[in-house]
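Me: Could you help me read a fold? Here is what I'm looking at.

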Amino acid sequence: MTIKIRPNAPAEVPGTEGYVDDAELLIPRYESVNPSEKYQAVAHLFPIRPSLILDVGAGTGVDAAWLAQAGHHVLAVEPVTAFREAGIRLHPRPEIEWLEDSLPRLSSVVHRKRFFDVVLVSSVWNHLAPDERGVAIDTLGTLLAPGGVLIISLRHGPSPSNRRVFEVSIAETVSLASTHQLTLIASSKTASVQLLNKQAGVTWSWLAFKN
């Protein structure tokens, strides 16, 4: 797979540092991950019926395509232009709508006044600074439909030096969610399914909340 990246493209928002420069290497890595394996710990929380899902930090859309194949409609939000363009090209499905936006405020998503059965925040939360996480959890809570599920993954372990990454604990995240009327319904820890991360000892915590 060869994806041409525009040279010298700037980081579009805080938290995306490093991703623009590394996009050409990261796109095939993202595409190599099997979503069924990645989401095994929380797969039972995805609705069986066709639903509206918000995928925040959708990357190249491999997860969105997996969800669309299951019958869901997905709003794929991605701030990095190279990933978004690759996703549109690699996963051209009518059930996927792409949007340039980012946490903590997701201003364009909020402006649409739509509510989602599932809000998925995978491989994103650790890029938010402590003051941004409070704003983000409030934003995400307002986007959930009644009875909707918010799924957040937390990364543990080494990260590339050119990225903005914070260590975030389960306890902090659960506490923060509870102050915004979100109740923990599931928690589990898994090894990384991306080969290089797995070899580096990266693990993930998966947390799910309901409003």
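This is a predicted model: local features need pLDDT of at least 70, side-chain atom pairs count only at pLDDT 80 or more; totals for chains, interfaces and linings use all residues.

Me: OK, so which strands does α6 lie across?

Reply: Helix α6 lies across β1, β4 and β5, and its direction is at about 145° to β5. The helix covers residues 130-143 and reaches 21 Å from its first C-alpha to its last, close to the 20 Å expected at 1.5 Å a residue.

Me: And what do its buried residues pack against?

Reply: The buried residues of α6, among them I137, L140 and L143, pack against β1, α5, β4, β5 and α7.

Me: What kind of unit do β4, α6 and β5 make?

Reply: Together they form a right-handed β-α-β unit, in which β4 and β5 run parallel and are joined by five bridges, with V119 having L150 in β5 as its bridge partner.

Me: Switching topic, what is the strand order in the whole sheet?

Reply: The sheet is open, with seven strands in the order β3-β2-β1-β4-β5-β7-β6 and mixed pairing. Because β3 and β6 stand at the edges with a single partner strand each, one side of each is left without a neighbour in the sheet.

Me: How do β6 and β7 pair, parallel or antiparallel?

Reply: They pair in the antiparallel sense over eight bridges, and L184 has F209 in β7 as its bridge partner.

Conventions:
Residues are numbered from 1 along each chain as its sequence is written. Side-chain values use heavy atoms; hydrogens and water are left out. Helices (H or I, at least four residues) and strands (E, at least two) are DSSP runs, numbered from the N terminus. The expected span of a helix is 1.5 Å times one less than its number of residues. Buried means under 20% relative accessible area, exposed over 50%, partly exposed in between (1.4 Å probe, protein chains only). Contact means heavy atoms within 4.5 Å. Two strands pair if DSSP finds at least two bridges between them. A crossover is right-handed if, with the strands pointing away from the viewer, the path from the first strand over the helix to the second runs clockwise. Axes are lines fitted to C-alpha atoms, for helices over the stretch in contact, and angles run from 0 to 180 degrees between N-to-C directions.
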